Amino acid sequence: MGSFIGHILPGTLFLLVGAWHIWGSVVRYVSKPKTFRVQVWNPVPGFDGRLKHLELYVVSIGAFIDLCVELLFATHLRFFVGGVLNTTYFNNFEHSGMLLMFFIYGIVALLSEKTRCLPLPNSALCLIAATAFCAEYLLFYFHSTAHKGLEGYYHVLLAFLIGLCIISAIAGALLPTSFPADLCNGIAITLQGIWFYQTAFVLYGPMLPSGCRLRDSNITCHSKESEVRGELLANFQLFVAVLAVLVGTVASYGLAASRYGNCEELAINSGSIR
């Protein structure tokens with residue numbers, strides 16, 4: 001993933017799934033607030049049910065394609081050198097392990113939903129998703145490339161967002177009727193996707209801060225002041241991303257309430273909360 005395309009591919013996957021999760025969560029809540037249940041994935045309505053499991057296919061196929069890029073294309077199939085594992089591609093092997101977890105989650109969810117051989121409750125699927133996020137968190141926390149400086153700071157913020165995905169997924173399993181837990185999971189996944197994009201454009205694209213440069217796949221800054229300025233810029237970018245997602249979530253709720261909302265149930269439910 002230490003490249004522009006290596007961050008764009010997973011970022012696109014997380015962004016699409018996260019945005020769809022937010023929309024699905026608010027639609028399910030405003031239409032039936034009394035019977036709301038947390039869902040780790042959201043079906044696509046219409047089309048005679050042909051696209052019902054589209055989200056799970058996107059996760060499975062997207063993770064598999066990214067896995068092939070990391071494990072087969074990036075390594076040129078040079079897994080071993082002199083009978084031992086090729087240390088040059090440890091970075092790619094780690095990324096492949098993380099992507100394999102998301103691929104397994106997608107396949108298990110599909111088997112659970114489309115067959116009778118692996119019937120799992122939604123809470124179990126939430127925990128499997130949390131396990132995949134845990135693998136991702138451990139990857140970025142204990143990374144063999146030992147990210148330092150500005151690059152390390154962007155990955156620390158990414159690990160923080162992944163931690164939110166873990167917490168919200170576990171909360172969904174423990175609180176199966178909680179709308180906030182379900183909504184927070186979609187928000188966290190969306191933010192993670194946005195941050196992958198932000199990392200790609202800043203560290204490996206045209207938005208690299210002044211005083212820093214990319215050389216031999218490493219980010220170096222000419223001075224400590226340039227590095228600090230880059231970190232402050234990262235803080236501001238994360239704030240903008242959070243603000244944009246929150247505004248989008250509120251707008252989605254308003255749109256869903258106007259189109260699909262059960263006004264009586266929503267009024268009763270909001271009254272009981274007060």
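## A pair within helix α7

Glu-227 counts as buried because its relative accessible area is 17%, under the 20% cut-off, whereas Lys-224 counts as exposed at 55% relative accessibility. In this predicted model, the two residues form a salt bridge in which the closest N and O atoms are 3.7 Å apart. Both Glu-227 and Lys-224 belong to helix α7 (residues 224-260), where they are three residues apart, about one turn of the helix.

## The other salt bridges

The count of salt bridges comes to three. One of them joins the side chains of Arg-28 and Asp-182, with an N to O distance of 2.6 Å; Arg-28 lies in helix α1 and Asp-182 in helix α6 (residues 179-203), so this pair ties together parts that are 154 residues apart in sequence. Arg-28 is buried, with a relative accessible area of 17%, and Asp-182 is buried as well, at 2%.

Asp-48 and Arg-50 also form a salt bridge, their closest N and O atoms being 3.6 Å apart, and both of these residues are exposed.

## Helices α1 and α2

The axes of helix α1 (residues 4-31) and helix α2 (residues 54-73) come within 10 Å and cross at roughly 170°, which means that α1 is roughly antiparallel to α2. Among the residues that meet are Leu-9, Val-17 and Trp-20 in α1, and Val-58, Gly-62 and Asp-66 in α2. By class, this contact has nine nonpolar, one polar and two charged residues.

## Ser-96 in helix α3

Ser-96, found in helix α3 (residues 90-114), is buried, with a relative accessible area of 4%. Its side chain reaches the backbone oxygen of Asn-92 at 2.8 Å, and, when residues up to four places away in sequence are not counted, Ser-96 touches Leu-67, Glu-70 and Leu-71.

Key:
Residues are numbered from 1 along each chain as its sequence is written. This is a predicted model: local features need pLDDT of at least 70, side-chain atom pairs count only at pLDDT 80 or more; totals for chains, interfaces and linings use all residues. Side-chain values use heavy atoms; hydrogens and water are left out. Helices (H or I, at least four residues) and strands (E, at least two) are DSSP runs, numbered from the N terminus. Buried means under 20% relative accessible area, exposed over 50%, partly exposed in between (1.4 Å probe, protein chains only). A polar contact is a pair of N or O atoms within 3.5 Å; within protein, one must be able to donate a hydrogen and the other to accept it, and residues adjacent in sequence count only if both atoms are side-chain atoms. Contact means heavy atoms within 4.5 Å. Axes are lines fitted to C-alpha atoms, for helices over the stretch in contact, and angles run from 0 to 180 degrees between N-to-C directions. Angles under 35 degrees count as roughly parallel, over 145 as roughly antiparallel, 65 to 115 as roughly perpendicular and the rest as oblique. Ala, Val, Leu, Ile, Met, Phe, Trp, Tyr, Cys and Pro count as nonpolar, Asp, Glu, Lys and Arg as charged, and the others, Gly among them, as polar. A salt bridge is a side-chain nitrogen of Lys or Arg within 4 Å of a carboxyl oxygen of Asp or Glu.
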